[in-house]
Amino acid sequence: MSKKHWLNIGGLSICAVATAFFVLDIVSGNDVPDVQAAIADGGTVSGVVKFPKEYPEREKITITKDQAICGAFQYSETFVVSEETKGLKNVVITIKGAKGAVKAAETPASVSQTKCQYVPHVQAVPLGTKLQILNNDGILHNVHAYFSGLDPKNTVFNKAQPKFLKKISENLDKAGIYYFKCDVHDHMNAYVAVMDHPYYAVSDENGAFSIAGVPPGTYTVEAWHEALGQLSKEVTVKAGQKSEVVFDILPNE
Amino acid sequence: MKNYFLPGICVGLFLTVSVFAGEDKDWSGTPQDKFLKSEIVQLYQCTSCHTIANRGGTVGPILNLVGNRRPKEWLQRWLADPQEVKPGTKMPKFDFTDVQRTAAVGYLTNMKKTFRTKEILSENIPVVEKGKELFEDFDCKACHRVGEEGRFVGPDLTWIGNRKTEDWEKTWLHDPDAFKPGTFMPNFHIPDKGVEALAAFLQTQRGQANDASQQWEFRTNFFLGNVDKERGELVFKRFGCWSCHGESAVGRVRNPNMAPDEMMPGLKQVGNDYTQEQFVARLKKVWKVKALDATKPAPPFFCPDYGNHMDETELNDLYAYLKSFAPKKSKWKFK
C-alpha cells in the first residue's frame, strides 16, 4: 500500500515537473515573434478554415511504449476542430507573390517533446530562423526530419535526443514544409513551415487566421493542411482594408 | 460485432507464456548482459528500439549477435553517422564522445558466437531442415520477420517462397553486395552447400508461419483496436509487399530487365486508381511482369496472387492502408 502511495507521489511530481516545463515554454516566448514587415498602407487578409455542420472526430491512438510518460492513449492532432465554430486548427495560410523581404526571427523558434507529443503540432517560421528542439520527457526521443513528404530519401537529419539532452538546435535552410517524426514513438509528428516571405499565418483553435500589412494588389492565398492538401483562392487587397477569405471543407463524395 | 474478450485473454496468456519462454535462456554474465547493464545502454536507452539479451524494443534489429555480422570498422562508421551508411534509416545520430563510441563498438563486437555451419551441414537430415537450422543459427530473425517472430528491418520472409526463385535466393545469399551494391544485408560468407540449404528452406516459406500462429487476426485487432489503416500497414509488411514496393509504398526497388524502366511501381495512387472491389479482384490474379528485353533473363520479381492467401479483413485493411496515401479521395476535401 505504502509503495503505491509513493508511486502516486512520484507520478504526480513527474506530472508537475512536466507541466512546469510546459508552462515555461510558453512564458519563455516559444511563440514566434511577429516579424511580418507591416506596411503602413497595407491591407489585411483574414478569414477562416471550416467544416460544415459535420466534422471528423479526433482519432484515438493507443500507446504501447513508455506509457508512464506518454499515457495509455493520445488523440491525433490531424483534425482539431472547434465544436463552436467548426474551424480547423493548424492550417498554414500563405499569400503567394506579395513582395516583402523575409527577416529571420531573432529569437529561435522551438518545438518541444512533452508527454510524447510535439508542441506545437504545426508552426510557420521565417527562413533563416533557428529551431530549438526540446526534450521535456526524460526518455529517449529521436527527431527524424523530412523535407516535403515522409519518405526515407527525404531525410534532412535524424538526431537522437537521449533523456539527458534537453535541447538541440537546427537550421532549417530551405523554404517549404518540414515534417518531424519520432521513430521511437511512432505516433509523434509535427510540421514546421519555413517561409521565404513575410505573409503567412497558421489557423488558430477557431480555424481563424489574419495576415496584416499586405501590399495592395491581387494575390493567390494558399491553404495547406497535413491531411487535406492544398487549396488556392484569389484575394484582392486594398490599402487599409480587410479582405475576407473562407476556406470551406466538404465531404468528399 | 465480434467479441474479442476471450481471444484477448487467450492472446494475453499466449504472450505471457512466450515472454517467459524467451526468458528461459540465462543471459547473466554474457557479453550481451554486460552491454545491457553498461552505462552506455542505461544512458542512451538503446533498448527503446533494440533487443539486447532478452530485453528491449522492436523498432531496430536484435543486437545479440551483431558482432557476427558487422565488423568493427563498420560499427564505428555506423555509430558516427547512421545516415551516411544508410540514408533515411530510423537509427538517429547520437552525439557519442570518441571514448563512448569506442566502448560501444567494443561491447558490440564481443556479442557473437561460433556458427555451427559445418556441424549442421554434416547432419543426416533433409536439406530443407538444414536450411531451417542455419536460418536460426545465423540469427536471421534479428532483422527479418517470419510469422510472428523477428523484426521489420529487412524484408518479411513469411511469404518469400512465393515471390522469389530459388536461384535468385542463391545468388543473393552468396554475395548480397554483388547483386545490390550498397545493400544493408551483410555477407555471411556462407559456403555453397549452406547457401543451397538456406535457399531450399526459404522456398518452403509460403505463409505457413502465419497459419501456425492462428491468433493473427485477433492479435492485430487486440493491440491496435479497429484501426484499418494501421492493421493494413502490418499486412503490407507481413506479406512482404514492401520488399518490392518499398517502405511506405514509395516504389523505386529495382527489378532487372522489367519494362519500362526496371523499377517496381510505388503504390501511393492505388486508392485513386482502384475501388476496393477492383483492388481485391486484381490482387487475386498473378501480376505478369513484362521483360524489357526478351533475349535476356526474365525479371526475377513478380507479384503472386496474394488475394487468394489473405482473408477478407486483411485485404480490406491493406486497401485502407494504401488508400491513406491518396488524400485526394479522403473523407473530406477543400471546397
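Trainee: At roughly what angle do the axes of helix 9 and helix 13 of chain B cross?

Mentor: Two packed helices are described by the angle between their axes and the distance between the axes. In this predicted model, helix 9 (residues 127-137) and helix 13 (residues 192-203) of chain B have axes that come within 7 Å and cross at roughly 95 degrees. Helices here are DSSP runs of H or I, at least four residues, and strands are runs of E, at least two, numbered from the N terminus. Axes are lines fitted to C-alpha atoms, for helices over the stretch in contact, with angles from 0 to 180 degrees between N-to-C directions.

Trainee: Which class of angle is that?

Mentor: Helix 9 of chain B is therefore roughly perpendicular to helix 13 of chain B, a label for angles of 65 to 115 degrees. Residues making the contact (C-beta atoms, placed from the backbone, within 7 Å) include Leu134(B) of helix 9 and Phe201(B) of helix 13.

Trainee: And strands: which way do strands 16 and 17 of chain A run?

Mentor: Strands pair if DSSP finds at least two bridges between them. Strand 16 (residues 217-225) and strand 17 (residues 229-237) of chain A run antiparallel, joined by nine bridges. A hairpin of three residues links them, and Trp224(A) has Gln230(A) as its bridge partner.

Trainee: Which strand of chain B pairs with strand 18 of chain A?

Mentor: Strand 3 (residues 332-334) of chain B does, in the antiparallel sense over three bridges; Ile249(A) is partnered with Phe334(B).

Trainee: How should I read the numbering and confidence limits?

Mentor: Residues count from 1 along each chain as its sequence is written, while chains are lettered from A and ligands numbered from 1 in the order written. Local features need pLDDT of at least 70 and side-chain atom pairs count only at pLDDT 80 or more, whereas totals for chains, interfaces and linings use all residues.

Notes:
Parallel < 35°, antiparallel > 145°, perpendicular 65-115°, else oblique. Contact = placed C-beta atoms within 7 Å.
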